[in-house]
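The structure is shown first.

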Amino acid sequence: MKLRKVVFVSCLLMAAILFVNGVILLINPNFNTSSSLKPNEELPTPITVGEEEESNNNTMPEIVEKTPVNLLLIGLDQEEVRSDVIILLNYDPASGSMNLLSVPRDTRVKVRGRFEKMNALYAFGKESLLIKGMEQLTGLSVDYYLTLNFKGFRKIIDTLDGVEINVPFNMDYDDPDQNLHIHLKKGIQVLNGEKAEQFVRYRKGNRKNEGYEDGDMGRIKMQQEFIKELFTQKMKLRYIAKADDIFFILKKYMKTNIEVGDIRRYMTGLKNVSYDKINMFTVPGDSQYMNDLWYFIADKKETRNIINEQFYK
C-alpha cells in the first residue's frame with residue numbers, strides 16, 4: 001500500500017472517530033506496552049501531521065507490528081478549554097481490529113485528591129491529567145493521545161462533501177455563552193461541516209423535555225451512528241484524491257505525540273481494517289445529582305468486564 005493512501009485512510013479515520021468514535025493509530029518506534037504516563041511524568045513533545053520523512057518512490061518497507069496499543073482521542077469544545085468528546089481506542093494491528101470506548105463527559109473521577117468531571121480534566125491538566133483519569137477508570141495504560149478541535153472537524157467534513165444522515169427529530173438549541181446554535185430539521189439529509197458539528201454536539205433542546213431522553217448517552221449513540229455512516233460513505237477510492245487536503249487540515253488543527261513517519265510499523269494492520277472490525281462501546285452507569293451538580297457515575301465493575309472481555313492486551 002502506498003504511503004499516500006495509508007496516510008489518507010489514517011487521516012479519514014482520525015477525523016471521523018475522534019469526534020464520533022474512531023481513529024486509525026500511528027505509533028512511535030520506541031513504543032512499550034508496559035509503560036504508561038505517570039502522575040508527574042511529562043508528556044512527549046507534541047507534533048503535528050506532516051513531519052514524516054520524504055520517500056523517493058512514495059513507498060515504504062512493510063514492517064509487521066503485532067502489539068495492541070491504546071490511544072486517547074480528545075475532541076475540544078468551542079473554547080478549547082474542555083473535552084467535548086473523550087474516546088479510548090484499543091487497536092490490534094495483528095487483526096486490524098479496533099475497540100472504541102466512549103466516555104460521557106460528566107463521568108465522575110477522583111484525581112489529585114478531589115472529584116471532577118472527566119471533561120474538566122483537560123482544563124486543569126491538559127492531556128496528562130485526562131490520561132490519568134482514563135487509566136483510573138479503565139485500568140488500561142494509555143500509550144498515546146490525539147487532540148483535535150471542531151474547526152478542523154468542520155473543514156474535514158466539508159472536504160469530504162458532507163455526510164448523509166437521518167436526523168431523528170427537529171433539533172433546536174441555542175447557547176449564546178458557547179456561541180453554539182443548533183438548528184436541524186428531521187429527516188434524511190446531507191450535513192456539511194457546520195451542520196455535522198451541530199448533529200454530534202446536540203443533547204437537549206431549547207424547550208423542556210426536548211432532546212434525548214437519556215441525555216449524554218443519547219448523544220453518544222447518535223455520534224456512533226454518524227461514524228458508521230461516515231465510514232460507509234467515505235471509504236471509497238474516489239476520496240483518495242482528497243488526501244492532500246485532509247493531510248494539511250490535520251496538520252493545522254491536530255495535536256498529538258504520534259509520529260506519522262512511523263506508520264510503516266502498522267501498515268499491515270491498516271490494510272486489514274474494515275467496518276465490521278470496529279466495535280463500539282460506551283461506559284455503563286447512571287446519572288446522579290451530587291453536591292449541586294449532575295455527574296455520570298460509571299459502573300466500574302461492568303466497565304472492567306467490557307475491557308477484560310472485549311479489549312486487546
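## Salt bridges

Glu-116 and Arg-114 form a salt bridge, with their closest N and O atoms 2.6 Å apart; the term stands for a side-chain nitrogen of Lys or Arg within 4 Å of a carboxyl oxygen of Asp or Glu. Glu-116 counts as buried because its relative accessibility is 11%, whereas Arg-114, at 53%, counts as exposed. Buried means under 20% relative accessible area, exposed means over 50%, and partly exposed lies in between (1.4 Å probe, protein chains only). The model is predicted: local features need pLDDT of at least 70, side-chain atom pairs count only at pLDDT 80 or more, and totals for chains, interfaces and linings use all residues. Residues are numbered from 1 along each chain as its sequence is written, and side-chain values use heavy atoms, with hydrogens and water left out.

By this rule the count comes to 8 salt bridges. Side chains of opposite charge can pair when their charged atoms come close.

## Pairs between distant segments

Lys-255 and Glu-127 also meet through their side chains in a salt bridge (3.1 Å, N to O). Lys-255 belongs to strand 11 and Glu-127 to helix 2 (residues 121-138), so this pair ties together parts that are 128 residues apart in sequence. Here helices (H or I, at least four residues) and strands (E, at least two) are DSSP runs, numbered from the N terminus. Lys-255 is partly exposed, with a relative accessible area of 29%, while Glu-127 counts as buried at 2% relative accessibility.

Another salt bridge is that of Arg-154 with Glu-197 (2.6 Å, N to O). This pair links distant parts of the chain, with Arg-154 in helix 3 (residues 150-159) and Glu-197 in helix 4 (residues 193-201), 43 residues apart. Glu-197 is buried, with a relative accessible area of 6%. Salt bridges that share partners join Asp-84, Arg-105, Arg-154, Glu-197 and Arg-201 into one network.

Which residues cover the two faces of strand 6, and are they buried or exposed? On one side are Tyr-144, Leu-146 and Leu-148, on the other Tyr-145 and Thr-147, and all are buried.

Strand 6 runs parallel to strand 1 (residues 69-76), to which 5 bridges join it. Strands count as paired if DSSP finds at least two bridges between them. In this pairing Leu-73 stands opposite Leu-146.

## Negative surface patch

Asp-286, Asp-299, Glu-302 and Glu-309 form a negative surface patch. Patches are made of residues with over 30% relative accessible area and no salt bridge, where like charges are joined within 9 Å and nonpolar side chains (Val, Leu, Ile, Met, Phe, Trp, Tyr) within 5 Å. Asp-286 lies in strand 13 (residues 285-290) and counts as exposed at 53% relative accessibility.

## Positive phi angles

Most residues other than glycine have a negative phi, and most peptide bonds are trans. Glu-80 has a positive phi, near 60°. Glu-80 is found in the loop between strand 1 and strand 2 (83-92) and is partly exposed, with a relative accessible area of 38%.

Arg-112 is not a glycine either, yet has a positive phi of about 55°. Its place is in the loop between strand 4 (108-111) and strand 5 (114-117). Arg-112 counts as exposed at 58% relative accessibility.

How values were computed
Areas by Shrake-Rupley, 256 points an atom, 1.4 Å probe, with all protein chains shown as cover. Lys, Arg positive; Asp, Glu negative; His and termini not counted. Charge placed at Lys NZ, Arg CZ, Asp CG, Glu CD.
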